[in-house]
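This report describes selected parts of one structure, shown below.

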Amino acid sequence: MKNPIWIIWLILCLSACGSRTPDYVINEKDMEDLLVDIHKSEALIETEYEKFNTSEKKEALRESVFRKHNTNKAQFDTSLMWYGRNLEKYVDIYGKVIERLRTQEKQVSGLRTDNNSQPLSRPGDSIN
C-alpha cells in the first residue's frame, strides 16, 4: 500500500507548481502594465504615421517600451508563449488590460470635452 503522506505531498506540489508563474516569465502585474503600454505605443504608431514613417522609428518606440519595463522582446515573447499555454491567466490579464485602456480612453475623451467647452474669451480679456 502506498504511503498517504507521499500522495498528499505530490498533490500539494502539483497544485502549487501549476498555479505559479515561472521565474523566466514576466509576472502577471508587470505583464499587464507592459501590454497596456504596448497597445498605447502601437496606437501611437498608427495615429502618428508621419512621425513613425520608418521601420527604425517604429522599432525604437517599441524598444523604449521594453526598456521602460526592464525587459526585452525575447522575454516578452517567451512570456507570451507561457501565457498561451496558461490561458486562464492570460485571459485574466487581458481583461485588466482592456479595462485600463477603456478607462484611459474615457479620461482622454473627458479632457477633450472639457477643452472644447472652454469659452474662447473670458470677461476682462483683451478680446472683449
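D37 counts as buried, because its relative accessibility is 13%; buried means under 20% relative accessible area, exposed over 50% and partly exposed in between, with a 1.4 Å probe and protein chains only. The model is predicted, so local features need pLDDT of at least 70 and side-chain atom pairs count only at pLDDT 80 or more, while totals for chains, interfaces and linings use all residues. Residues are numbered from 1 along each chain as its sequence is written, and side-chain values use heavy atoms, with hydrogens and water left out.

D37 is placed in helix α2; helices are DSSP runs of H or I with at least four residues, and strands are runs of E with at least two, numbered from the N terminus. Leaving aside residues up to four places away in sequence, D37 touches V65, K68 and H69, where contact means heavy atoms within 4.5 Å.

T71 lies in the loop between α3 and α4. With 14% relative accessibility, T71 also counts as buried. The side chains of T71 and Q75 are joined by a polar contact of 2.8 Å, that is, a pair of N or O atoms within 3.5 Å; within protein, one must be able to donate a hydrogen and the other to accept it, and residues adjacent in sequence count only if both atoms are side-chain atoms.

| Residue | Relative accessibility | Residues touched, not counting those up to four places away in sequence |
|---|---|---|
| D37 | 13% | V65, K68 and H69 |
| T71 | 14% | I26, L34, F66 and F76 |

Helix α3 covers residues 55–68, and its end C-alpha atoms are 20 Å apart, which agrees with the 20 Å that 14 residues should span at 1.5 Å a residue. The expected span is 1.5 Å times one less than the number of residues. L61, V65 and F66 are the buried residues of α3. They lie on the same side of α3, because they cover an arc of only 145° around the axis, taken from the directions from the helix axis to the C-beta atoms. The cover over these buried residues includes α2 (28–47) and α4 (73–85). On the face turned away from the buried side, α3 carries the exposed residues E56 and R67. Just after α3, N70 has a positive phi of about 50°.

Helix α5 (87–116) and α2 each give two or more residues to the lining of the largest pocket. The most comes from α5, with six residues.
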